[in-house]
Amino acid sequence: MSRFFSKGDTDSESSSSDEEELYSDEEEEEENNDSDEEDSDDDDDDDSDSSSDSDGPRTGANRFMKDAGSESDSDSDGEDRKVVKSAKDKRFEELEGIIKNIDNGKKINDWGVISTEFDKLNQKVSKGFQGGKTPKIYIQAIADLEDFMNETLAKQKVSTKKMTATNARGLNAVKQRIKKNNKDFQKDIDEYREDKGGFLLESDEEEVPAPKVKKTKTATGIPVLALDDDDEGFSTVGKGGRTLQFTPESILKHLRTIMESRGKKNTDRGEQIKIMEKLYDVAITPYQRIRVLLTLISTRFDLSTGAQTYMSQEQWNSAEKELGNLLKELEANPEIVVLENAEEWEDDEKAPIINPGDKFKVPGSVVSFVERLDDELNRSLQQIDPHTAEYIERLSDEGALYNNIVRTLIYVETARKDKSIDLSQDNLNRIISRRLDHAYFKPATVVKILEENCWKALPEDLDSAITPRNKVSDAISLINVLCNYLYINSDGILRARAMLSQIYFLALHDTYYKARDMMLMSHLQENIASFDVHSQILFNRTLVQVGLCAFRAGLVYEAQSTLQEICGSGRQKELLAQGVMIQRYNQVSPEQERLERQRQLPFHMHINLELLECVYLTCSMLLEIPLLAQTGSSPDIKKRVISKTYRRMLEYHERQIFTGPPENTRDHVMQASKALAAGEWKKATEFIHSIKIWELMAKPDTIKAMLSEQIQEEGLRTYLFTYAPFYDTLAVSTLSSMFELSDRKVAAIVSKMISHEELMAALDQVNSSIIFRKGVELSRLQSLALTLSDKASGLIESNERTLETRTQGTANAFERQGGRGGRAGRGGNRGRGGGGRGGGAPRQAGGTQFTGGALGAAIRG
């Protein structure tokens, strides 16, 4: 081979040696073989050159050429200096460098450096020695580091000198990591500590490399899917590239690894779920199955961590079935109890031995799982479009969730009967509250069907002591039993929510007086502002439902006063959590908007806002129109406003130049109001009856008949208020024929108006007539003068309030320059003494000397 090509080969060899670390073990062996062959070729060339040089002196043109022998010698010297190292040697050198840094950190007690280098060391070993034997120097380093850490901790306990913050953080980090890390190498560490010298003298034997695996980003120690040599496609490999073997003995170890990886970056939760499903298949003991199910359900919930995301229906159904399997295992094995405050079993090598009659406690919370399932279902219903088939399909899962709620309730009841199990009352209260939340807003027939399907799905040997299988027959008694239990055994928010739920249910089923009495006796309206937002939303919903119940019962005044607080604000959507209001002038932060959207109720729990507005406006019309007629005919009566919202709508409607036929609910009510004020009660009745929203209420014909009667009565009152000044006497029969009411009803209405001093008249029962009394009739000028005086007195009162606010109650607010006077000067001292207009001080140019006193100073300031 010529020297030119020989030199080129050495250059490529040196450049390729820098990239050897990226190759696998098989590629490294091939490279090493190639480099050996090339080295042997170079040696052969050198030998031939040297032999040719030693043949004799050069003659001819050779004597004028450069000395090739000297050049060969210099090249061979350069090649001796360039040492080609294998990837394995480089990795060992890196390990030795890191271990040396750790030793230096030990000498100066710098735990920050030790912590950093310890992490580097673990990364190098996990990446560089996959599939091979663990280096002895690494075992020596971690064993010595653990011993040094224990010595440092022992010294720190007796030492009065405290560590620096950096050192303390580094020591704590190493303490947490080294225990987990050394578990995997405990056998080698024990061998090293038994015979340190002999352990290091043994040679590091290379194991047969594992099949080539597809590299994926995963956290340390988390199993990944990788291609194997078999024809089936995929197999599961773990740390070190070794194929994972799922056996009953290794279940607890795998669970420990998965639990430690929770919350870490690059953790493939989907792969963890697949592994745990395999572990559940190979589990043979009830304890193993319960442990796997507890971890599996928790991992499924980890899939939806953000507030904007929700569990897919497939994952939710899987979690629901696994929760059912968990409850079956716990029911079949009463010696195993799941408790929140139980201690974790630390020994992963062997399962615990449960003696007969003993109770073994496993850490976990079945109640929390049920609550999370419920929350995930609500979250998905919030996000899904309610007008699609997907929403209906998703809503059908509520039946399975309700079954699990009842089953969990029975399990918690049974567990609480055993005195040796310290299960808190709060768990039972929480699960009963969840059951109540799924029933209080539904009609009785729906609740009855839900209960029947639930008890059919549960095993026959299961029964509840609180709500027995056959004794709670109807929905009313079920709600009553659940609420009474919470009244006795809970306090605070849960008790208040139970009371609101029962009031809502009673109002929904037309039991107005009982619902009203419970609402008043609860006194929740006094301290509801101190409750959480969800409880305030439930209070608003209950208040609205009570108002609708009063309307269905024909109690117009009670309905209007109850709905006034919610409907009068114009924020029904926001207060009932049925939508986010777009606020024009208020800046809402994204965080506030996100929280507002999280509070929204699913669509099937909504109260129809159009129906609510229709009821409120109709009640306001029946109360406001007679009141407007009364104040219009009697100016001496102080004006009173029942509904400002209705008044604004009515004023806006009256300002319209042209009003077409009514199109929506609001237009119908405004047109009916106009007709009622004019005495056309039949036309008003037609407008109200033509509103189609009444069909959404139960028994719409009864509602329309009640409204017709109310409109007739209020039409009569409006007519009497409007036209009383123009009558001396009026026959009852005339009014009866005009408004199609019985004489007895007309007499009752007129008597009530007279007794309340709304009408200045007397009822002649002999002649069946009304005799009107003529009071002081005011002229138009006198009426305007009275109105002006009222406005002037109101202006004076507002000025005095403004003065009090600006001066903060300071005396002598009207003090004048040069003397005292103010409003007291009006009584007869005007113009005399120190408080008169003269006052002794020179008048200012331009007229009055009054400066406004404290009020003027406050305004000028």
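Modeller: A salt bridge here is a side-chain nitrogen of Lys or Arg within 4 Å of a carboxyl oxygen of Asp or Glu. By that rule, the count in this predicted model comes to 33 salt bridges.

Glu-94 and Lys-124 form a salt bridge in which the closest N and O atoms are 3.5 Å apart. Glu-94 belongs to helix α4 (residues 87-108) and Lys-124 to helix α5 (residues 111-128), so this pair ties together parts that are 30 residues apart in sequence. Glu-94 has a relative accessibility of 28% and therefore counts as partly exposed. Lys-124 is also partly exposed, because its relative accessibility is 36%.

Helix α5 holds another pair. There, the side chains of Lys-120 and Glu-117 meet in a salt bridge, with 3.7 Å from N to O. Both residues lie in helix α5, three residues apart, which is about one turn of the helix.

A pair in helix α14 can be read in the same way. Glu-376 forms a salt bridge with Arg-379, and the closest N and O atoms are 3.7 Å apart. Glu-376 and Arg-379 are three residues apart in helix α14 (residues 366-383), so about one helical turn separates them. Glu-376 counts as buried because its relative accessibility is 0%.

Glu-340, Glu-371, Asp-426 and Arg-430 are linked in a network of salt bridges.

Lys-704 is placed in helix α31 (residues 700-723). With a relative accessible area of 18%, Lys-704 is buried. Leaving aside residues up to four places away in sequence, Lys-704 touches His-689, Trp-694 and Glu-695.

To return to your request: Glu-94 and Lys-124 sit in helices α4 and α5, Lys-120 and Glu-117 both sit in helix α5, and Glu-376 and Arg-379 sit in helix α14.

Terms used: Residues numbered from 1 in each chain as written. Predicted model: local features only at pLDDT ≥ 70, side-chain atom pairs only at ≥ 80, totals over all residues. Heavy atoms only, no water. Helix = DSSP H or I, 4+ residues; strand = E, 2+ residues; numbered from the N terminus. Buried < 20%, exposed > 50% of the residue type's maximum accessible area, 1.4 Å probe, protein only. Contact = heavy atoms within 4.5 Å.
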